[in-house]
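Student: I have a protein model open beside its sequence, and I would like to learn how to read its features one at a time. Could we begin with how the surface of a residue is described?

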Amino acid sequence: MPATDSRQQQMFPKLTQPEIDRLRRFGQVQRYAPGEAPFVTGDVPGMYVLTRRSVSVTRHDPGT
């Protein structure tokens, strides 16, 4: 079994509402429209906490 399988919960924990409320003090709430990129390659995004919906991670190579 790959190590990532056994560490799934550590990499992507499901936070409780009180934990999310505590984290809000250290960041800001952002909303993104469908198709809008929250960051692009080369940016240093820091940490994101998804509270609703889902996200698709894709890579676009303009050279192809």
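Tutor: Let us start with the terms: a residue is called buried when its relative accessible area is under 20%, exposed when it is over 50%, and partly exposed in between. Please keep in mind throughout that this is a predicted model.

Student: Is R24 then buried, exposed or partly exposed?

Tutor: R24 has a relative accessible area of 42%, and so it is partly exposed. D21, with a relative accessible area of 39%, is partly exposed as well, whereas T58, at 71%, is exposed.

Student: What links the side chains of R24 and D21?

Tutor: The general idea is that side chains of opposite charge can pair when their charged atoms come close. In this structure, the side chains of R24 and D21 meet in a salt bridge, with 3.8 Å from N to O, and the count of salt bridges comes to 1.

Student: How should I read the confidence of the model, and where is it lowest and highest?

Tutor: Confidence is given as pLDDT, on a scale from 0 to 100. The protein chain averages 82, and 92% of the residues score at least 70. Helix α1, residues 3-6, has the lowest confidence with a mean of 70, while helix α3, residues 17-24, has the highest at 92.

Student: How many aromatic pairs does the structure hold?

Tutor: There is 1 aromatic pair in the structure, and it is formed by F39 and Y48, whose rings are 5.4 Å apart from centre to centre, with 40° between their planes, an arrangement described as tilted. F39 counts as partly exposed at 40% relative accessibility, and Y48 also counts as partly exposed, at 38%.

Student: How far apart in space are T58 and A37?

Tutor: Sequence and space are read separately: T58 and A37 are 21 residues apart in sequence, and their C-alpha atoms are 9.9 Å apart in space. T58 itself belongs to the segment after α3.

Key:
Residues are numbered from 1 along each chain as its sequence is written. This is a predicted model: local features need pLDDT of at least 70, side-chain atom pairs count only at pLDDT 80 or more; totals for chains, interfaces and linings use all residues. Side-chain values use heavy atoms; hydrogens and water are left out. pLDDT is the predictor's confidence in each residue, from 0 to 100. Helices (H or I, at least four residues) and strands (E, at least two) are DSSP runs, numbered from the N terminus. Rings of Phe, Tyr and Trp (its six-membered ring) pair if their centres lie within 6.5 Å; planes under 30 degrees apart count as stacked, over 60 as edge-to-face and the rest as tilted. Buried means under 20% relative accessible area, exposed over 50%, partly exposed in between (1.4 Å probe, protein chains only). A salt bridge is a side-chain nitrogen of Lys or Arg within 4 Å of a carboxyl oxygen of Asp or Glu.
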